[in-house]
Amino acid sequence: SVDNYGNGRTPIMGGIIAAFQGHHSSQWTITERAFCNNVYKLCIPFGIPTVALISLLAGPSHPMVTFFFTIFCSMEILSQEFHKWSHMTKSELNPFILGMQNAGLTIGRMPHAKHHIAPYMGNYCIVSGFCNKVLDTSGFFRKLERVIYAINGVEANSWKIDPKLKAKTLKGDYSL
């Protein structure tokens with residue numbers, strides 16, 4: 001969503017959206033950020049207040065809901081650091097991180113590089129990339145873009161970059 005919708009003025013998520021969209025033209029800058037500078041924007045929508053609210057809404061009889069969302073929000077916050085690692089050279093990474101990338105626990109350079117080919121229309125998963133093939137070959141994101149467009153008329157940024165992609169999607173061709 002942050003690659004394709006909104007901008008820096010979007011409420012709550014604007015800073016994250018601006019950073020993700022700007023990242024496509026200046027990919028290397030993410031590697032220059034310290035950990036806290038890299039993840040703090042994600043703490044606003046996914047941090048302790050969000051997990052506390054989910055826990056309150058789920059109530060004491062649903063601890064697994066709280067557990068799930070605690071893990072989910074933590075991974076969402078850390079995703080930006082995993083993403084940073086995918087832009088670093090092997091020589092810049094410690095062996096533990098390289099091992100995580102090689103095991104597919106976090107996304108590596110080559111799998112993530114596919115996302116940075118305009119019009120940035122696939123390979124959106126930046127934690128491990130595990131779901132990219134299934135989501136891309138099933139047309140999941142193209143179908144979702146078509147639904148969003150039908151509901152509110154907002155075009156995905158990938159459509160603005162590639163009008164042929166928009167035409168294909170609106171015809172029901174969801175292939176990449």
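Here are some questions and answers about this predicted model.

Me: How many salt bridges does the structure hold?
Reply: The structure holds three.

Me: What makes Lys84 and Glu81 a salt bridge?
Reply: The cut-off is 4 Å from a side-chain nitrogen of Lys or Arg to a carboxyl oxygen of Asp or Glu. Between the side chains of Lys84 and Glu81 the N to O distance is 3.2 Å. That is within 4 Å, so the pair counts as a salt bridge.

Me: Where do Lys84 and Glu81 lie?
Reply: Both lie in helix H4, residues 63-85. They are three residues apart, about one turn of the helix.

Me: Are Lys84 and Glu81 called buried or exposed, and why?
Reply: Buried means under 20% relative accessible area. Lys84 has 8%, so Lys84 is buried. Glu81 also has a value of 8%, so Glu81 counts as buried.

Me: Why is the pair Glu145 and Arg142 called a salt bridge?
Reply: Their side chains meet at 2.7 Å, N to O. The limit is 4 Å, so the pair qualifies.

Me: What separates Glu145 and Arg142 along their helix?
Reply: About one helical turn separates them, because they are three residues apart in helix H8, residues 140-152.

Me: How do you know whether Glu145 and Arg142 are buried or exposed?
Reply: Set each value against the 20% cut-off. Glu145 has 4% relative accessibility and therefore counts as buried. Arg142 has 2%, so Arg142 counts as buried too.

Me: What makes Lys166 and Glu155 a salt bridge?
Reply: Their side chains are 2.6 Å apart, N to O. This is within 4 Å, so the pair passes.

Me: Which parts does the pair Lys166 and Glu155 tie together?
Reply: Lys166 lies in helix H10, residues 163-171. Glu155 is in the loop between H8 and helix H9 (157-161). The pair therefore ties together parts that are 11 residues apart in sequence.

Me: Why is Glu155 called partly exposed?
Reply: Buried is under 20% and exposed is over 50%. Glu155 has 24% relative accessibility, in between, so Glu155 counts as partly exposed.

Me: Why are H2 and H3 called roughly parallel?
Reply: The axes of helix H2 (residues 35-46) and helix H3 (residues 48-58) cross at roughly 25 degrees. Angles under 35 degrees count as roughly parallel. H2 and H3 are therefore roughly parallel to each other. Their axes come within 5 Å.

Me: Which residues make the contact of H2 with H3?
Reply: From H2 come Ile44, Pro45 and Phe46. From H3 come Ile48, Thr50 and Val51. By class, the contact has five nonpolar, one polar and no charged residues.

Me: What makes up the largest nonpolar core?
Reply: This core has 11 residues in all, among them Val2, Phe20, Leu42, Phe46, Val51, Ile77 and Ile126. A nonpolar core needs buried residues joined through side-chain atoms within 4.5 Å. Helix H1 (14-23), H2 and H4 each supply at least two residues of this core. Apart from it lies another core, of seven residues, including Trp85 and Met88.

Me: Which residues does Ile77 contact, beyond its neighbours within four places in sequence?
Reply: Ile77 is in contact with Val39, Leu42, Cys43, Phe46 and Gly47.

Me: Why is Tyr40 called partly exposed?
Reply: Tyr40 lies in helix H2. Its relative accessible area is 43%. That falls between 20% and 50%, so Tyr40 is partly exposed.

Me: Where is Asn123, and what is its phi?
Reply: Asn123 is found in the loop between helix H6 (109-113) and helix H7 (132-137). Phi is near 55 degrees, a positive value in a residue other than glycine.

Me: What makes Asn123 count as buried?
Reply: Asn123 has 17% relative accessibility. The cut-off is under 20%, so Asn123 counts as buried.

Me: How far apart are Thr66 and Leu53?
Reply: They are 13 residues apart in sequence and 9.5 Å apart in space, C-alpha to C-alpha.

Key: Residues numbered from 1 in each chain as written. Predicted model: local features only at pLDDT ≥ 70, side-chain atom pairs only at ≥ 80, totals over all residues. Heavy atoms only, no water. Helix = DSSP H or I, 4+ residues; strand = E, 2+ residues; numbered from the N terminus. Buried < 20%, exposed > 50% of the residue type's maximum accessible area, 1.4 Å probe, protein only. Axes fitted to C-alpha atoms, helices over the stretch in contact; angles between N-to-C directions. Parallel < 35°, antiparallel > 145°, perpendicular 65-115°, else oblique. Contact = heavy atoms within 4.5 Å. Nonpolar A, V, L, I, M, F, W, Y, C, P; charged D, E, K, R; others polar.
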